[in-house]
Amino acid sequence: MFAILAAFLAGLIIVIGAAYISYRIEWKGMAVCAVAAFAIIGYAGASIDIPFMAAPFVIGCVGGFTFKRKKSFGFYLIASSITLMIIFAGYFYYLLWVRGVDLIGMFRTEFDRILAAAGAPADLRMEFLADFDASRDEIVARVPFSAFLNGVMLAAGGYLIIRRFFARVTDVESVAGLEIFRMNDYAIFVLIAGFAAYLLVDKTSMPVVHSAGFNLVMAMALLYVVQALGVVKYILIKRSMPRAALPLGIALLFIAGISATVFFFVILAGVGALDVWADFRRIGDARKEKL
């Protein structure tokens, strides 16, 4: 427990420090953060936690640059999430294909240990593990989206910390927040291309293209979910409703369970995509996000 708390505090300090350095000297600050990140990673040695060591530097640097140049939350979220996805997924495949580290096997062993500790019957454990083994290839193929999802969540949490920090030293209101987040209209064609690759390409003959289509669809759908949340926040602000209602609603959604979460994920993705044509907030072309 102490190790987890110490790691969290260290990550928090790095995020704020990297954001401040990046804000003060911009691109030079990013170079300083990169050197510091490589130094820490080099000192730690080979570890499956390397992506998590690099994440605070990425979040902080992109956050500092965002507030310095008065970019938007959309710029910050997309830039940091894509960078984190490349780091997380790239390192996973490097360990799996180059170093021969079976991360999936390690997760399987840990999963079995948790089931055993929970007192699950042997036949139920075997059934779960059989299902897990059958979906092994699917898990490996969908790592990019999992990495992107983790990147979005880490970046969103980092933004709250960075914004509160910069509220003391700069005009945070000049940075367009979630309520103004909107994908470029042409991004919808990226979603359509992903659907085409996933639905029309034969999985057995071209598995890489098929998997790429799935990951692209899910990543774009996640961004449209964020856009839908932006619509909700915009409405809350316009109607002078408590802004805490949005994070509270998201928390309740996760508490409701996986089925409710998936259902509302689909609904929100649809609302976000529909906003491309409906323009619920009447933002206009001048304030659309660039993908």
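Glutamine 227 is found in helix H10 (residues 207-238), where helices are DSSP runs of H or I with at least four residues, numbered from the N terminus. The model is a predicted one, in which local features need pLDDT of at least 70 and side-chain atom pairs count only at pLDDT 80 or more, while totals for chains, interfaces and linings use all residues. Residues are numbered from 1 along each chain as its sequence is written, and side-chain values use heavy atoms, with hydrogens and water left out.

With a relative accessible area of 0%, glutamine 227 is buried (under 20% relative accessible area, 1.4 Å probe, protein chains only). Beyond its neighbours within four places in sequence, glutamine 227 is in contact (heavy atoms within 4.5 Å) with residues including Arg182, Met183 and Asp275. Arginine 182, placed in the loop between helix H8 (143-166) and helix H9 (187-200), counts as buried because its relative accessibility is 2%.

The table gives polar contacts, that is, pairs of N or O atoms within 3.5 Å, one able to donate a hydrogen and the other to accept it, where residues adjacent in sequence count only if both atoms are side-chain atoms.

| Group | Partner | Distance |
|---|---|---|
| Glutamine 227 side chain | Aspartate 275 side chain | 3.0 Å |
| Arginine 182 side chain | Aspartate 279 side chain | 2.8 Å |

Elsewhere, the axes of helix H3 (residues 50-68) and helix H4 (residues 73-98), lines fitted to C-alpha atoms over the stretch in contact with angles from 0 to 180 degrees between N-to-C directions, come within 10 Å and cross at roughly 160 degrees. H3 is therefore roughly antiparallel to H4 (an angle over 145 degrees).

Definitions and conventions
Helix = DSSP H or I, 4+ residues; strand = E, 2+ residues; numbered from the N terminus. Buried < 20%, exposed > 50% of the residue type's maximum accessible area, 1.4 Å probe, protein only. Parallel < 35°, antiparallel > 145°, perpendicular 65-115°, else oblique.
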